[in-house]
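Visitor: I would like to go through this model and ask what stands behind each label.
Guide: Then let us begin with the structure itself.

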Amino acid sequence: MINDSNSHRQFTIRIFILIVLVIFVLQLFNLQIIHDYGELADGNALLRRTLYAPRGLIYDRNGELLVYNHPTYDLMVTKRELRQAKKAGNPLDTAEFCRTLSITPEEFEQRMRDVERRIGYSSRTPQRFMTQITPEEYAVLQEKLHRFPGFTIQTRTLRSYSYPVGAHALGSIGEVSKRMIERDSCYRQGDYAGVSGIEKAYEKDLRGQNGVEIMLRDVSGRVQGHYKGGAYDVPAVAGKNLTLTLDHRLQAVAEQLLQGKRGSIVAIEPATGEVLALASNPTWNPELLVGRQRSENYAMLLNDPTKPLLNRAIQGVYSPGSTFKTLQALVCLQEGGITEQTLFACNGPGSQPIRCTHHHGSPVSLAGAIEQSCNPYFWQAYKVTLERGGYGDGNANFKANYDRWRNDAISFGLGPKFDDSDIIDQVHGGIPRVVTYDRIYGPTGWRALTIRSNAIGQGEVQVTPLQLANMAAAIANDGVWITPHLNRADSLLKRRHKTNVDAAHFAAVKEGMWRVCEYGTGRWYKLDSIAMCGKTGTVDNSHGKPHSLFIGFAPKDNPKIAVAVVIENAGFGATWANPIASLVLEQYLCGEIRRKDLFDRMSNAVTAPDVKKY
């Protein structure tokens, strides 16, 4: 019994000691942790400053810096401190404050009202009063800031551009919307993010991670230094740098050639799918959408009737015209409608139901038809291909042939946009389905003759310039193409696509495209000592003069660059798009423009006098 009593007392003592230890540990936790965080939450004593991460830099394919950061400043206001200063007999001198910032008293009051309307507003925490103050403005303000109670400076960065090119491709930075804040918890009211182009596509990589520093203030609100020696500070992590596939010199040449015109130029490296140039005009200097003037300049661009904000390279949709004859030849060869030796007659402008634009030899072969851009040849090839096996009951055979024709065309990257690409905000092209024509003409109301304009790229087939350039790259590669993309570090070589056309059929089409540049419509602008393949196109439309188109690649063997050019309402493809494309090829392959006179003539030529230069 005695032993039992001792055991019970020992157990009770142990429990008591354990309870004391637990209380002691909890008290230490309260003093060292909870008390510290309680102090951190006290807006009277502490100032929490966001350390904005600098965005990643952007380089071109050759390591040239395209986009970098420069310092800017936000003026912050803490409303509670303003009230406290006023109670203490030190009210804000509003007149002097407004003179320093070059704003009116009315603007001051409006900004104060805007501050209180923001999401997450608190009178205890700093709120943005004025954003994107320049270093020059900051220097003036810094001297007087101690006289303006409740106001502090927040440092951040803005984008700067080494060259005034690439606005559409690079994109811009804008203030985050309410929806963006709701979707991503890392954003706060007044933060900035990529809203278009590469800046938007790679926002999560470029933005980095913001940090924080906690400053200790005295009773007058003056900063005394880092709280706890910076123990609770978190450094900002800079965004990742990005190397693009673009060649900034080629981009600059392309944009200069587009001056005074509406149109676009897309250049692709066939072996990799890397986009070398992505130019659209009208365009603007990317510096216009930086700083406090961004909103005003954006509204100016938005309201311009020539639509400079439209990226025609990826959002312009056109009939491909005669450039489509290259693909038409390949599909007809694949489906057995023609062979390389097939001949068709041409009666020139007297041909029916589709006339030829000019007289040339007849009958004409495949290579000769590409060289001469013979409309009747491609109409007959298209008709024979779709009508192989006859119409059948309810046009079943014909529709099956059309489906194969359509699928073959889509396999070149036409129609749907490139969903596996980092080129964002693309739009779809279009190659109609059987059900579309059934709805328009009735299930038995259409045949090859009904949709004959497709044969020469003037029908319902619609493409974007990016798709046209990719089609040219696929032909250059004998039927293989890599998804077009802009991030050089993220190789898409695994995203390799094979067209439905056998590689054996491409030699004949390439020969025809070479003949276009040697003897045909493109002969006046062929490259010296470099074999060039191409196809011109003159596309009728209901909104003025025809569009001028060209696709091509060079050299003929082992092509290094494929290009598509669209000049809206300019006239013949051989007159405008062809020489412009040849100059783009020359710049990339030779490293310079050698035909200075041609370059000056094309750069200074104006086909759209209403286009402004921003």
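Guide: Accessible areas here come from the Shrake-Rupley method with a 1.4 Å probe. On that basis the accessible surface of the chain comes to about 28,300 Å², and 52% of this belongs to carbon and sulfur atoms. The model is a predicted one.

Visitor: What does the radius of gyration say when set against that of a compact globule?
Guide: The rule is 2.2 Å times the number of residues to the power 0.38. For 614 residues a compact globule would be near 25 Å, but the chain has 33 Å. Along its principal axes the C-alpha trace spans about 115 × 85 × 50 Å.

Visitor: How many helices and strands does the chain have, and what share of its residues count as buried?
Guide: There are 21 helices and 17 strands. Of the 614 residues, 52% count as buried. Among contacts with a separation of 6 or more, 70% are between residues 24 or more positions apart.

Visitor: How do you know that the span of helix H16 agrees with its number of residues?
Guide: The expected span is 1.5 Å times one less than the number of residues. H16 covers residues 396–410, so its 15 residues should span 21 Å, and the end C-alpha atoms are 21 Å apart, which agrees. H15, with twelve residues, reaches 17 Å from first to last C-alpha, close to the 16 Å expected.

Visitor: What makes H15 mostly covered?
Guide: Buried means under 20% relative accessible area, and nine of the twelve residues of H15 are buried. Among them are Tyr377, Phe378, Trp379 and Tyr382. What covers the buried residues of H15 includes H13, helix H14 (366–372) and H16.

Visitor: Which helices do the buried residues of H16 pack against?
Guide: They pack against helix H13 (325–334), helix H15 (375–386) and helix H17 (434–441). The buried residues of H16 include Phe398, Tyr402 and Trp405, along with Lys399, Arg406 and Asp408.

Visitor: Why does Gly190 count as buried?
Guide: Its relative accessibility is 5%, and the cut-off is under 20%, so Gly190 counts as buried. Gly190 lies in the loop between helix H7 (178–183) and strand E7 (192–194). Not counting residues up to four places away in sequence, Gly190 touches Arg128, Arg156 and Glu175.

Visitor: Why is Asn311 called buried?
Guide: The relative accessible area of Asn311 is 6%, which is under 20%, so the label is buried. Asn311 lies in the loop between helix H11 (294–303) and helix H12 (312–315). Leaving aside neighbours within four places in sequence, Asn311 is in contact with His168, Leu278, Ser280 and Gly316.

Visitor: Is Ser529 buried or exposed, and what is its phi?
Guide: Exposed means over 50%, and Ser529 has a relative accessible area of 72%, so Ser529 is exposed. Phi of Ser529 is near 70 degrees, a positive value in a residue other than glycine. Asn569 also has a positive phi, near 50 degrees, but at 15% relative accessibility Asn569 counts as buried. Asn569 is in the loop between E17 and helix H20 (577–590).

Definitions and conventions: Residues numbered from 1 in each chain as written. Predicted model: local features only at pLDDT ≥ 70, side-chain atom pairs only at ≥ 80, totals over all residues. Heavy atoms only, no water. Helix = DSSP H or I, 4+ residues; strand = E, 2+ residues; numbered from the N terminus. Buried < 20%, exposed > 50% of the residue type's maximum accessible area, 1.4 Å probe, protein only. Contact = heavy atoms within 4.5 Å.
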